[in-house]
Amino acid sequence: MCGRYAASRKPEDLVGLFGVEKWEPSEALAPDWNVAPTKSVYAVLERPLKDAADRRPVRQLRPLRWGLVPSWAKSPEGAAKMINARSETVHEKPSYRRAFEARRCLIPADGYYEWVTGAAERELEEKGRKKRPRKQPYFVTPADGSVMAMAGLYEFWRDPTLPPDHPQAWWATCTVLTTEAEHAPFALPEGGPALEGGPRSLAEIHPRMPLVLPPDRWAAWLDPGRTGTEELRGLLTPPRAGSVRAYPVTTAVSDVRNNGPELVTELEAPEEATLF
């Protein structure tokens, strides 16, 4: 699952990293260490430029609203519930099928937050049943400090209550694909042992995780000319096991009103007791 993440990289850095050809400085977003559903987020995508004579796909850095609204939706009310899509079934779900075929993107992140659940709570969540509130947040981030490129989909939705020339007549929204959490041990922090008594793998924190794509799959995933379902599904394999580390962070991140680099500062010990 991905319900909150951090995105502090400058757009200029993302442009260079992802080979972006087009972005508007006027659309720049401020660094955000507590990205929550319905916020505007950066996404890398490929599509022809609006009103351009050349209709070739152009790699762009665009701000999208996190929480996908299908083009056929009558209202955007369910967007906050559509921040994630399961990679195993995304090709067959009506809300995501069209976007999977032609509107795929990458969503850059420093890493994401996940709240530890006990064994009983995880079992309820896997069955889709209500669970007790989770407690200690952990920050999951690439062990080598690289950008986490989460696989995503995007859509355009037309607000029928507004005139066509209204600046908010069109919504551009996105969702993050998830996969089964890996059971491989975390990468160890440089120069130190794993946190004693803490989770040893992503699966011990949560049964799902964002699907992160390595650089050698970026071009194929973004290419709107690739529409074959099986070919696209073949790209949705989990990243190399053991490439991330996770550490406890302040419970202040649980309040979406809090924001700042202190939210990703590693704690020496969890603030909330958790059992594994």
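This is a predicted model: local features need pLDDT of at least 70, side-chain atom pairs count only at pLDDT 80 or more; totals for chains, interfaces and linings use all residues.
A residue is called buried when its relative accessible area is under 20%, exposed when over 50%, and partly exposed in between, using a 1.4 Å probe and protein chains only. Residues are numbered from 1 along each chain as its sequence is written, and side-chain values use heavy atoms, with hydrogens and water left out.

**Two residues to start with**

Thr 38 is partly exposed, with a relative accessible area of 46%. You will find Thr 38 in the loop between strand S2 (32-35) and S3; strands (E, at least two residues) and helices (H or I, at least four) are DSSP runs numbered from the N terminus. The phi of Thr 38 is near 80°, a positive value in a residue other than glycine. Most residues other than glycine have a negative phi.

Thr 251, in the segment after S12, is also partly exposed, at 25% relative accessibility. Lys 135 is 116 residues from Thr 251 in sequence, yet their C-alpha atoms are 7.7 Å apart in space.

**The chain as a whole**

The chain has 5 helices and 12 strands, and 47% of its 276 residues count as buried. A contact means heavy atoms within 4.5 Å. Among contacts between residues at least 6 apart in sequence, 72% join residues at least 24 apart.

**Inside the cores**

A nonpolar core is a set of buried Ala, Val, Leu, Ile, Met, Phe, Trp, Tyr and Cys residues joined through side-chain atoms within 4.5 Å. The largest one has 30 residues, and Tyr 5, Trp 66, Ile 107, Tyr 112, Met 150 and Leu 202 have the most contacts inside it. Strands that each supply at least two residues of this core include S6 (104-109), S8 (137-142) and S9 (148-158). Apart from this core lies another, of 29 residues, among them Phe 18 and Met 82.

Which residues does Met 150 touch, leaving aside its neighbours within four places in sequence? Its contacts include Cys 2, Cys 105, Val 176 and Pro 210.

What about sulfur bonds? The structure holds 0 disulfides, a disulfide being a pair of cysteine sulfur atoms within 2.5 Å. The sulfur of Cys 174 is 5.6 Å from the closest cysteine sulfur, in Cys 105, so it is too far for a bond. Cys 174 is buried, at 0% relative accessibility, and Cys 2 is buried at 0% as well.

On a 1 Å grid over the protein atoms alone, a cavity is a set of points where a 1.4 Å probe fits but cannot get out, while a pocket is an open set with protein on both sides within 12 Å along at least five of seven lines; lining residues have an atom within 4 Å of a point. Grid points are joined across faces, edges and corners, and a volume is the space filled by probe spheres set on the points. For the table, Ala, Val, Leu, Ile, Met, Phe, Trp, Tyr, Cys and Pro count as nonpolar, Asp, Glu, Lys and Arg as charged, and the others, Gly among them, as polar.

| Space | Volume | Lining by class |
|---|---|---|
| Largest pocket | about 850 Å³ | 13 nonpolar, 4 polar, 9 charged residues |
| Largest cavity | about 50 Å³ | 5 nonpolar, 1 polar, 2 charged residues |

Glu 27, Arg 62, Phe 156, Trp 170 and Ala 172 lie nearest the centre of the largest pocket. Strand S4 gives the largest share of that pocket's lining, 6 residues. The lining of the largest cavity includes Ala 7, Tyr 42 and Asp 110.
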